[in-house]
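Work through the exercises below with the sequence and the structure in view, and try each task before reading its solution.

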Number of protein chains: 2
Amino acid sequence: MQRVEAEIARLIQECEYGEVTRLFQQLSGGKHLRAKLILKIASEHEKAPLLAAIVELIHGASLLHDDVIDEAQTRRGLESVNASEGSKQAVMLGDVLYSKAFTELVSFDKDVAKTIAASVTALSKGEMIDVKLAETFNSDEQIYLDMLYLKTATLIEAAASAAAMLAGKDVQKYALYGRNLGLSFQIIDDILDITADAKTLGKPALNDFVEGKCTLPYIYLYNVLNENDKERLRSLHAKHLDEASMAWIQTQMKKHMSVEKSFELAQKLSNEAKEVMSDVPQLVAILDTMIKRSY
Amino acid sequence: MQRVEAEIARLIQECEYGEVTRLFQQLSGGKHLRAKLILKIASEHEKAPLLAAIVELIHGASLLHDDVIDEAQTRRGLESVNASEGSKQAVMLGDVLYSKAFTELVSFDKDVAKTIAASVTALSKGEMIDVKLAETFNSDEQIYLDMLYLKTATLIEAAASAAAMLAGKDVQKYALYGRNLGLSFQIIDDILDITADAKTLGKPALNDFVEGKCTLPYIYLYNVLNENDKERLRSLHAKHLDEASMAWIQTQMKKHMSVEKSFELAQKLSNEAKEVMSDVPQLVAILDTMIKRSY
């Protein structure tokens with residue numbers, strides 16, 4: 001990872017603007033999941049650290065814009081750039097990072113460059129759909145999963161695929177791994193918003209639903225409720241929740257095993273990914289760690 | 001231009017999201033200056049319409065993000081996307097357009113792709129600097145011109161350079177043309193904010209200064225005022241201006257020929273560009289039309 005950090009520092013330096021360097025530091029930290037995947041898959045390739053750095057810049061840019069969209073106040077335990085510097089600076093810093101990443105991508109083979117660039121279109125589209133879906137009560141599982149794929153899984157899928165292209169490995173196999181890792185990661189994240197307390201997660205529980213996001217447990221719950229309770233759940237959507245309403249939702253979810261059903265899907269996706277990657281223990285371990293976050 | 005329009009329509013279609021198609025229409029119109037330049041410089045090249053379409057998508061994305069930054073209510077005579085759909089949708093639509101453009105750029109030679117991609121880093125950095133400069137009273141001409149170059153001229157310069165690369169023409173010459181066209185275009189725009197009435201321009205006169213932007217005429221004026229008047233001009237910066245203050249600024253500008261001095265620089269830059277392009281009458285004509293906007 002040191003070589004990735006060095007490449008990231010070089011790319012940021014090349015932007016030749018002190019504000020970019022300063023604000024990017026505010027964004028640093030994080031797990032570098034995408035970079036680690038690329039290093040593991042294409043460990044032999046001399047350009048793997050540069051590809052990993054590019055994908056981290058893209059991920060950083062997408063977080064900056066996400067936080068503007070969601071009006072998030074914190075990111076990775078620090079104040080978000082939009083909170084401390086204003087949305088304007090966050091939007092533009094994101095654009096600087098995106099375009100710097102794309103400029104560097106040009107030095108790769110066309111199939112690698114195209115895979116990464118196209119995933120950014122997908123993730124931006126995913127974010128647009130996410131915002132649109134939150135305007136109404138969505139109870140359609142497939143619509144929700146399609147959005148999750150675009151918003152969270154495509155960049156991980158693209159990172160794994162591009163690294164496999166660099167390393168001359170089976171692209172389909174790594175694409176499936178990346179896609180399923182991304183999807184199950186996000187499903188677990190959605191579960192944690194319901195099961196973790198505010199202190200652990202650093203944000204209030206049921207925050208997604210308050211923001212209008214009907215994640216998988218809400219969709220599963222809704223579809224098994226009787227008409228009256230369906231109506232009640234709908235009436236609570238995208239509103240501040242009092243203690244009683246929160247307790248009601250959580251009781252209903254327990255009763256109908258909504259979180260468990262969501263977890264089952266995450267586990268199924270993770271198992272599929274494990275199966276194709278059974279000969280790469282390090283990549284299997286990433287899945288195991290991710291799944292274990294939830295309980 | 002029909003082939004460019006067809007390419008733009010195809011790229012938007014390929015995003016496969018009705019919202020993108022719908023919102024992009026709201027952004028259409030405009031002079032397509034960059035596309036026209038590319039078509040004129042690389043008229044023989046089969047990929048010129050695609051390059052032109054890519055640059056128009058990039059320009060569209062930058063306008064979307066600019067309007068979010070400036071909280072603009074209108075764009076090209078229509079309601080801006082941030083005004084009608086919210087800043088969130090405008091940020092994300094911009095990201096979709098940027099990344100779609102970058103994905104398509106990959107099919108070009110590396111020098112062409114790199115030139116266009118790097119100009120987006122420059123223009124985003126220029127926008128960051130523009131926002132920062134507006135926070136204080138900037139009276140330094142060079143700092144202002146450096147920002148203008150980044151914010152407005154680099155994409156035009158890149159479009160002209162990349163087209164020259166496609167056509168096997170003298171890249172330096174076309175780069176100078178694009179750069180000077182962009183700079184003088186923006187200087188004229190800044191002048192119009194002072195000389196045109198609200199009706200012609202569709203926005204209140206002296207709007208730039210109210211928003212904190214010390215454009216060239218203000219910088220020239222400030223540097224020849226006595227200490228008292230310097231203080232007075234500073235005190236009016238980035239505030240709502242009453243009739244008396246507006247009249248005072250305009251009287252001082254007339255007295256000190258601040259607008260004329262700015263116009264002289266625009267004309268000097270335009271003449272340099274004309275000189276290197278003396279054998280291409282169509283490109284000279286673009287400069288003439290642009291300069292004539294101002295009076």
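**Exercise 1.** Find the helix of chain B in which V81(B) lies, and decide whether V81(B) is buried or exposed.

*Solution.* Begin with the secondary structure of this predicted model: V81(B) belongs to helix 5 of chain B, which covers residues 81-85. Next, count the C-beta atoms around this residue, keeping in mind that a residue is called buried if 20 or more other C-beta atoms lie within 10 Å of its own. Because V81(B) has 25 C-beta neighbours inside 10 Å, V81(B) counts as buried.

Then ask which residues V81(B) touches, leaving out those up to four places away in sequence. Among them are L23(B), Q26(B) and L27(B), and the list also includes L64(B), D67(B), Q89(B), A90(B) and L93(B).

**Exercise 2.** Describe the side of chain B that touches chain A, stating which helices supply at least two residues each and how many residues belong to each class.

*Solution.* Start with the contact as a whole, to which chain B gives 32 residues and chain A gives 32 residues. On the side of chain B, at least two residues each are supplied by helix 4 (48-70), helix 6 (87-105) and helix 7 (110-133). Helix 7 of chain B provides the largest share of this side, namely 13 residues. Sorting the side of chain B by class then gives 17 nonpolar, six polar and nine charged residues. For the complex, the predictor reports an ipTM of 0.92 and a pTM of 0.93.

**Exercise 3.** Work out how chain A is divided into domains, and what the side of domain 1 that touches domain 2 is made of.

*Solution.* First set the bounds: in chain A, domain 1 runs over 1-107 and domain 2 over 124-295. The centres of these two domains of chain A, taken over C-alpha atoms, are 24 Å apart. Their contact takes 17 residues from domain 1 of chain A and 17 residues from domain 2 of chain A.

Now look at the side that belongs to domain 1, where helix 3 (33-41) and helix 4 (48-70) of chain A each supply at least two residues. Helix 4 of chain A gives the most to this side, with seven residues. By class, the side of domain 1 of chain A that touches domain 2 holds nine nonpolar, three polar and five charged residues. Finally, consider the confidence in chain A, where the average pLDDT is 93 and 97% of the residues score at least 70.

Key:
Residues numbered from 1 in each chain as written. Chains lettered and ligands numbered in written order. Predicted model: local features only at pLDDT ≥ 70, side-chain atom pairs only at ≥ 80, totals over all residues. Contact = placed C-beta atoms within 7 Å. Helix = DSSP H or I, 4+ residues; strand = E, 2+ residues; numbered from the N terminus. Nonpolar A, V, L, I, M, F, W, Y, C, P; charged D, E, K, R; others polar. Domains from an automatic or database assignment. Buried ≥ 20, exposed ≤ 12 C-beta atoms within 10 Å, placed from the backbone. pLDDT = per-residue confidence, 0-100.
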